[in-house]
Amino acid sequence: MPDPQDIVLTDTRSKQVQPVRPDGRGHVGMYVCGPTVYDRAHIGNARPAVVFDVLFRLLKHVHGAENVTYVSNITDVEDKIIARAAERGRPIGDITTETTAWYIEDMTALGVLQPTHRPFATDYVSNPAHPVDMVRLIARLIEKGHAYEAEGHVLFSVSSYPGYGTLSHRSVEDMLAGARVEVAPYKRDPMDFVLWKPSTGDQPGWDSPWGRGRPGWHIECSAMAEALLGTRFQIHGGGIDLAFPHHENERAQSTCAHGIEDMADIWVHNGYLMVEGEKMSKSLGNFITVNQLLDQGVPGAVIRFVLLSAHYRSPLDWTEKRVEEATRVINRWRRALDRRPDIVDDLDIWPAPSLIEPLADDLNTWEAIQALDRDAKRVLDPTDDESYRLALGRFLAGLGLLGFGALESAADLEAEAKGAVQGDVMHRIQALLEARIAARKAKDFARADAIRDTLSAAGVVVKDGREGSEWSLGPDFDAEKLETTP
C-alpha cells in the first residue's frame, strides 16, 4: 500500500501542489458541489462527478473506506428551478424529484459511486436537528458584522473580508468588471451578495428572523459542508466555473462565520469541457446530455473513459475522434476480461504502482489509464502463465480503482445482445446465414455477397473461418434492416 502522504493535489488558492493531510483522527473529508436539479445532466456536469469519483476511490484505497467521508449535495431550491417549474406548470417538488432521479441514474451508468452523504439543500435551511443550518449560519454572520439586513434581504458585506478574491485570484475591480453584478438600492456595495431573499406566496419559503424567504445559492453549500464535515476539512472540489463567484463566496461566508483561515485545506477544480473545439451551448446545437449519449448507444464506460482522458485541470475537448479511440480501448479491455478464469480467488488482485503513482501525483488519470491498458495487452498476449496471472490481477484491480469494475466482457456483452434479440429476428438471421451458405455452395457469389451486405447493413458482424462462419451483433444492430430481401 502506498504511503498516505504520497497523494498530492493542486490547490487553486495557492497555485501549488499540496499533500492531502488527514486530520488528527486520520480522517479525510471531501465536499464537491453537486447539481442544481432542474434538467438533464450534460457532459460538463458529468466531468466533475467522474473526476472526483476517482479521487474518492483513491482516498478510500489509501486511507481506508472507514476514514473517508465524501459529501456531494443536491441543490433543490434555486431560482432556475422555480423558473422551470413555472414554465412547465408543474410543482417544484415534482421537478426536483424527477431530475434528481435522472442525475443519479445517469451518473450510475458512468460508474460513479454514491457519495457518503448526498444532502438536499432544503433539508438544511432551518432544521434544529442538524448541527448547523442556513438560518443560524446567516444569523452568526450578522452577529459578527459580516452581513446586514436590508428590505427583507440579508447580504454579505464583501468589504468586511480582506481575503475576498484570493481563491479565484481576482481583484474586486476585476470581479466588478467581469461579473454580472446585481445592482440594487438596498446594497451597501455592488459586490455584496445575497444570503437570504424574500419569497412571494407562490415561491418556496421558510420562516426566519428576516421574514419568510429562501437562501441564496452560496450559503447552502457552506451550511451543508459544515454540518457534515465540520468547520474545516481536507478537500473542496468542483468545476473551474464555480471558483468565482460560488466558491469565493462560500469560502468568505464560512471563514468569516468562524474566524478561521480557510474552510478547506485544498481547493481542487477541474477544467472546462468543450465540444469539437467550441464552448458547449444550446444555441450552437452542440449541447450534449449524458442521457442522449446513452440512448444513442454510447456505453457509459466509453463516456467515463473520455472524461478521464485528459488531466482534470486541463480543458477537455469532447470529439467524435476521442469517442472512437475510447471505444477501441474499452473493447480491448472487454476482450481481456474474456481471459479471466472461472475462479479468480487465487489471483493477486492489487493495483500496480504504475497505476497508483500517477493517480497519487495530482490525479493523473490519463497516465493511469495507459498503465491499465498495458496490463490489458499483457493479458491478451502473455509471454508465460505467470506474467498472465500477474497482469490479470493488476488489470482487474485497476478497473475497479478507475471505476470500470462493472465493465462487461466481450462474450458477456455478445450473449446479452443475442439474448435481447426476439426469436423471429434470430430465425431471420439464421435463415439468411443458411441461404448464404447455400449460395456459396452453388457458386452464386453475387447472391452470397448480397446476403452478407444485408447482414452487415443491419449491424450483424459475420466472420468466415475454416470451420464455418460465426456471427455477432454490433453496437449499431437494427432488426428492421433485416427485412430487406437480398
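Which residue in β10 is the bridge partner of H236? It is W267. Keep in mind that this is a predicted model.

Let's start with the sheet around that pair. Strand β9 covers residues 233–239, and it pairs with β10 in the parallel sense over six bridges. Those two strands belong to an open sheet of four. The order is β4-β3-β9-β10, and the pairing is parallel. At the edges stand β4, residues 68–72, and β10, residues 264–270. Each has a single partner strand, so one side of each has no neighbour in the sheet. From one strand to the next, the twist averages 20°.

Now the helices on this sheet. α6 lies across β3, β4 and β9. It runs at about 160° to β3. α7 packs on the sheet too, touching β3, β9 and β10. The direction of α7 makes about 155° with that of β9.

Next, helix α4, residues 134–143. Its buried residues are M134, V135, L137, I138 and L141. Down the axis of α4, they fall within an arc of 165°, so they line one face of the helix. What covers them? The cover includes strands β5, β6, β7 and β8, plus the helices α6 and α7. D133 caps the N-terminal end, with a side-chain oxygen 3.3 Å from the backbone nitrogen of V135. Just after the helix, G145 takes a positive phi of about 80°.

On to helix α11, residues 353–360. Buried here are L355, I356, P358, L359 and A360. They pack against β1, α1, α12 and α13. After α11 comes D362, with a positive phi near 60°.

Last, the aromatic rings. There are eight aromatic pairs. Take F305 and W366. Their ring centres are 6.2 Å apart and their planes stand at 85°, so the pair is edge-to-face. F305 is in helix α9 and W366 in helix α12, so the pair ties together parts 61 residues apart in sequence. Buried or partly exposed? F305 counts as buried, at 5% relative accessibility. W366 counts as partly exposed, at 34%.

Then W333 and F404. This pair is edge-to-face as well, with 5.3 Å centre to centre and 80° between the planes. W333 lies in helix α10, and F404 in the loop between α13 and α14, so the pair ties together parts 71 residues apart in sequence. W333 is buried, with a relative accessible area of 0%. F404 is buried at 2%.

One final point on the rings. Ring pairs link F305, W333, W366, F395 and F404 into a cluster.

Technical notes. Residues numbered from 1 in each chain as written. Predicted model: local features only at pLDDT ≥ 70, side-chain atom pairs only at ≥ 80, totals over all residues. Heavy atoms only, no water. Buried < 20%, exposed > 50% of the residue type's maximum accessible area, 1.4 Å probe, protein only. Arc of directions from axis to C-beta. Contact = heavy atoms within 4.5 Å. Polar contact = N/O pair within 3.5 Å; in protein donor to acceptor, adjacent residues only side chain to side chain. Pairing = 2+ DSSP bridges. Axes fitted to C-alpha atoms, helices over the stretch in contact; angles between N-to-C directions. Phe/Tyr/Trp six-rings, centres within 6.5 Å; stacked < 30°, edge-to-face > 60°.
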